[in-house]
Amino acid sequence: MIQRIQTVYLLVVMLISAILPFWVNLWSDANGNEIYAQSEILISIVFYVISVLALVAIVLFKNRKNQFVVNRLNLLLNLFLLGFFVYRSLNLSGETSVSEKGIGMLIPVISIVFLVLANRAIKKDEDLVKSVDRLR
């Protein structure tokens, strides 16, 4: 059902990945210029794809197995984005290109937490339906 707790978790992921990266800076370069998601087109596209996948998972509330698969795909995309941010911050750290890391680099971590919580709730619902089917 659409009023389940996993819908709330997925809605939080959708809002976090659609709005927050364009409002909070990801990092600052050596000149003090703040870099947001809209200045990096690939990062912007990945954030939008994450948001769309969360919306697709919300719409797939009738088919819990597909919802679980879409959430796993979204989780992998978030892990890829987090790995890119870690690579970027470790490879270009110091005063060469990136002098300050922004709070926006933690957005994939927050999304991963909520996606894991949503997957747990989906699995819990699936187990509940299977247990009721056994009793019939």
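How exposed is Lys123: buried, partly exposed or exposed? Lys123 counts as partly exposed, because its relative accessibility is 46%, and a residue has to be over 50% to be called exposed. This is a predicted model, and the protein in it has four helices and three strands, which follow one another from the N terminus in the order α-β-β-α-α-β-α.

**The protein as a whole**

- The protein has 136 residues, and buried residues make up 38% of them.
- The accessible surface of the protein comes to about 8100 Å², and carbon and sulfur atoms account for 67% of that surface.

**Salt bridges**

- Side chains of opposite charge can pair when their charged atoms come close.
- The count of salt bridges in this model comes to three.
- One of them joins the side chains of Arg4 and Asp125, with a distance of 2.8 Å from N to O.
- This pair links distant parts of the chain, since Arg4 belongs to the segment before helix 1 (5–19) while Asp125 belongs to helix 4, 121 residues apart.
- Another salt bridge is formed by Arg64 and Glu126, whose closest N and O atoms are 2.8 Å apart.
- Arg64 lies in helix 3 (residues 64–91) and Glu126 in helix 4, so this pair ties together parts of the protein that are 62 residues apart in sequence.
- Arg64 is partly exposed because its relative accessible area is 22%, a value that is not under the 20% limit for buried residues, while Glu126, at 16% relative accessibility, counts as buried.
- Lys123 forms a salt bridge with Asp127, and here the closest N and O atoms are 3.6 Å apart.
- Because Lys123 and Asp127 are four residues apart in helix 4, about one helical turn separates them.
- Asp127 counts as partly exposed at 37% relative accessibility, and Lys123 is likewise partly exposed, at 46%.

**Helix 2 and Ser44**

- Helix 2 has 19 residues and reaches 27 Å from its first C-alpha to its last, which is close to the 27 Å expected at 1.5 Å a residue.
- Ser44 has its place in this helix, which covers residues 41–59.
- Ser44 is buried because its relative accessible area is 8%, and the other buried residues of helix 2 include Ile43, Val46, Phe47 and Ile50.
- When neighbours within four places in sequence are left aside, Ser44 is in contact with Phe22 and Ala37.

**A nonpolar patch on the surface**

- Ile103, Leu106, Val109, Ile110 and Val113 form a nonpolar patch on the surface, and together they have about 400 Å² of accessible area.
- Leu106 lies in the loop between strand 3 (98–101) and helix 4, and this residue counts as partly exposed at 44% relative accessibility.
- Ile110 is found in helix 4, which covers residues 107–135, and Ile110 is partly exposed, with a relative accessible area of 34%.
- The C-alpha atoms of Ile110 and Asn78 are separated by 9.6 Å, although these two residues are 32 residues apart along the chain.

Definitions and conventions. Residues numbered from 1 in each chain as written. Predicted model: local features only at pLDDT ≥ 70, side-chain atom pairs only at ≥ 80, totals over all residues. Heavy atoms only, no water. Helix = DSSP H or I, 4+ residues; strand = E, 2+ residues; numbered from the N terminus. Buried < 20%, exposed > 50% of the residue type's maximum accessible area, 1.4 Å probe, protein only. Contact = heavy atoms within 4.5 Å. Areas by Shrake-Rupley, 256 points an atom, 1.4 Å probe, with all protein chains shown as cover. Expected span 1.5 Å × (residues − 1). Patch = residues over 30% accessible without salt bridge, like charges linked within 9 Å, V, L, I, M, F, W, Y side chains within 5 Å. Salt bridge = Lys/Arg side-chain N within 4 Å of Asp/Glu carboxyl O.
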